[in-house]
Amino acid sequence: MNLKDKLLHDYNSQLSYGGVNGERLAERLYQLSKIGLTEDNGSFRLGLSSEEKEAKHLVKEWMLQAGLEVTEDGAGNVFGKLQGNIEGNSTIMSGSHVDSVPNGGHFDGPLGVLTALEVVEAWKDTNVTPSKSFEIAIFTDEEGARFNGGFTGSGAITGQLDYSSQLKRVDGNGRTFEEVLLEYGSNEEKFRLAKRDLSEVELFVEVHIEQGKRLEKANLPVGIVSGIAGPSWMELNFYGEAGHAGNTPMDDRKDALVAASEFIYKVESLPSKVSPTAVATVGKMQVKPNGVNVIPGQVTLYVDIRDIFEDTRDSLIQLVLELAKEIAEKHHISVTNDEMLRIKPVPISKELHEKLEKTFIKNNVQPLYVPSGAGHDAMIIGNQVPTAMIFVRSKDGISHNPKEWSSLNDCVMGVHVLKDFIESLMR
């Protein structure tokens, strides 16, 4: 059974009203899923790849058919704009991305693009022209799986990239970002010119799958994002002393891995000390010399620290660093740290939350606030433009995986909520 048939299998057709067409949304999700389809029925569309470009081209065709004015910048970002009927009014922007991680799912990113497009289609089918302009965005390389970065397109239009280091990034095949950019049809000059004046954008709103279980546990189709967590990535190096595993007594060792293991174990207890929404994860580690019969002399590990509030996130960073120092001293070894990334969390205004609540109630959905621990293009755009997010329920909380799933009923409810929310801002 293909993706469209699976989506339509238990679809409640009564949700197709007000111009919103669930079957059209299912067909488009299916058409995108065929681009970069893996043997596991997953999605493989890396940033600036031919597959990502093909997916954008397909959505551009749909945008043109819907009557949008379509443009593409030097970063590969695609925009489809519907002019409002009031001269000089501001613009509301919505969208997401169509790139994926290797062997990812079919909803992470494309759903946000297609729900925004479905809003336009609904207006078209009911002969409605919005008072304010509405713009759909497809941002390039949100996932960052190819160049170990991410948010490339949204970073480009907001000017939040370190261009010199970005152009030198290297993919898994040893090709630089600049080389790939040229093959894609752009160049450094055009890439830099993607920076845009966003002063006319009144609001950016992104629909995205939750990638968690809170909505599923509450049995709700959609939720209101309470805030978008800002990540900090730190590289920690524990330096001990390598030695022979057989000839070095247990009381005369400086084992870097023992110290690092204690650190990893204790990090889990720190987030709750600063905030109920804070998290900390050690997800990557290297051991040197990495021999069976050698005491580890160095351990390099990476800590991902996030919260939706900047002050508590930064407090957690400090606790993590203090813990590392304390453990290193205890084991008579040394530790160094290097911060690789620190992005501001994006708070969402009380006014926008109130408008979203009214929209949810109008659609007979109990408003539930869900923090976003994952990074999104909304996090980057939100540093310059007022931003809101709507989550759609994820089955079992699975994402970045071929098993990623959101029912068509939930996806269409996401369209209705987005449409009504935007219309409330236009009145």
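Buried here means under 20% relative accessible area, with exposed over 50% and partly exposed in between (1.4 Å probe, protein chains only). The model is predicted: local features need pLDDT of at least 70, side-chain atom pairs count only at pLDDT 80 or more, and totals for chains, interfaces and linings use all residues. Residues are numbered from 1 along each chain as its sequence is written, and side-chain values use heavy atoms, leaving out hydrogens and water.

Strand β15 spans residues 387-392, and six of its six residues are buried. Strands (E, at least two residues) and helices (H or I, at least four) are DSSP runs, numbered from the N terminus. Two strands pair if DSSP finds at least two bridges between them. Strand β5 (residues 201-209) runs parallel to β15, joined by six bridges. Within this pairing, E206 has M389 as its bridge partner. Strand β6 (residues 222-228) is antiparallel to β15, over three bridges. There, V222 stands opposite V392.

I390 also belongs to the largest nonpolar core, which has 84 residues. Such a core is a set of buried Ala, Val, Leu, Ile, Met, Phe, Trp, Tyr and Cys residues joined through side-chain atoms within 4.5 Å. F134 and I390 have the most contacts inside the core. Helix α14 (residues 408-426) gives the most to this core, with eleven residues. Apart from this core lies another, of 23 residues, including M234 and L316. In soluble globular proteins, nonpolar side chains tend to be buried together.
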